[in-house]
Amino acid sequence: MLLLIVVVLFTAQSPLSFFNLAGLLIVLTGTLAATMISYPMREIRRVVALVSSIFRREPDFIREDIDELVALAREWMHGDARAVERALENTRNPFLRTGISLVIDNVREEEILDLLRWRITRLRARELAEAQIFRTMATYAPAFGMLGTLVGLINMLEVIQNGDLAVIGPRMGVALLSTFYGILLANLLFKPIAVKLERRTEDRLIAMNMVLEGVSMISRRRLPSFIEATLNSFISEAHDELGERPLSRESEDSGGRTP
């Protein structure tokens, strides 16, 4: 992004050639106003709070969750429910804690999975709705850029008619830079943020489905070694589908098993 800005600025005689306050305000205020009309204010406030987190790297706790599930499975296989309950007090993941708590309470596996799947569906719907707000803003921004262009052209025609040629430049600046701002904001800010949010949601869904599978196997009293192998394979497959590198420990394990 920084490189693009530098290249664009160096193509002009002066960097100020790309600054037009009137055009920028038309695009920004128009986009924000249309967004506020389209969505409830509580959803917009929640999304604004998310913006700062987009530029931070989200911690990856998948390996920690797998280790925790395997440790809980060992305690559960030994029939030590109290040890499992004590371990749950220090569990970071509330989704995992809920699932294992229901297993300890001898809730049927189908009911546990129904509840966890519902929580996954709810999270997916909420976070995709948040990303959709930025996609909507990416649609509005070029449209208000075109509106700024029309406003600038109308004002320019007026000064031409009056013979005041000295103000043609500022009017033309509003007309052209409004479209520039609209396209820039849509493709360099709003769409990338939406993609980043959608990608983050996919990562979270993978982690939650992995925990769901682990809880299901613990409920069926599968061997801890089988649970660990299954969860590792589950993550490896998901990362392959996303085109990402597998976890380092997993690579070492698979490398060690290779003849």
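This is a predicted model: local features need pLDDT of at least 70, side-chain atom pairs count only at pLDDT 80 or more; totals for chains, interfaces and linings use all residues.
Of its 259 residues, 37% count as buried. Contacts reach well along the chain: taking pairs at least 6 apart in sequence, 75% join residues at least 24 apart.

Now for the inside. The largest nonpolar core holds 32 residues, and the ones with the most contacts inside it are Leu-69, Ile-100, Met-210, Val-215 and Ile-218. Helices H4 (62–77), H5 (81–89), H6 (94–104), H7 (109–162), H8 (168–219) and H9 (224–242) each give two or more residues to this core, with H8 giving the most, at 9 residues. Ile-100 shows how the pieces meet: leaving aside residues up to four places away in sequence, Ile-100 touches Leu-69, Leu-72, Val-84, Leu-88, Val-215 and Ile-218. Another core, of 20 residues, lies apart from this one and includes Tyr-39, Val-47, Met-137 and Phe-190.

H4 and H8 also pack against each other, with their axes 10 Å apart and at an angle of about 10°. Angles under 35 degrees count as roughly parallel, so H4 and H8 are roughly parallel to each other. On the H4 side, the contact is made by Ile-62, Asp-65, Ile-66, Leu-69, Ala-73 and Trp-76, which meet Ala-207, Met-210, Val-211, Gly-214, Val-215 and Ile-218 in H8. Sorted by class, this contact has 10 nonpolar residues, 1 polar and 1 charged.

Technical notes:
Residues are numbered from 1 along each chain as its sequence is written. Side-chain values use heavy atoms; hydrogens and water are left out. A nonpolar core is a set of buried Ala, Val, Leu, Ile, Met, Phe, Trp, Tyr and Cys residues joined through side-chain atoms within 4.5 Å. Buried means under 20% relative accessible area, exposed over 50%, partly exposed in between (1.4 Å probe, protein chains only). Helices (H or I, at least four residues) and strands (E, at least two) are DSSP runs, numbered from the N terminus. Contact means heavy atoms within 4.5 Å. Axes are lines fitted to C-alpha atoms, for helices over the stretch in contact, and angles run from 0 to 180 degrees between N-to-C directions. Angles under 35 degrees count as roughly parallel, over 145 as roughly antiparallel, 65 to 115 as roughly perpendicular and the rest as oblique. Ala, Val, Leu, Ile, Met, Phe, Trp, Tyr, Cys and Pro count as nonpolar, Asp, Glu, Lys and Arg as charged, and the others, Gly among them, as polar.
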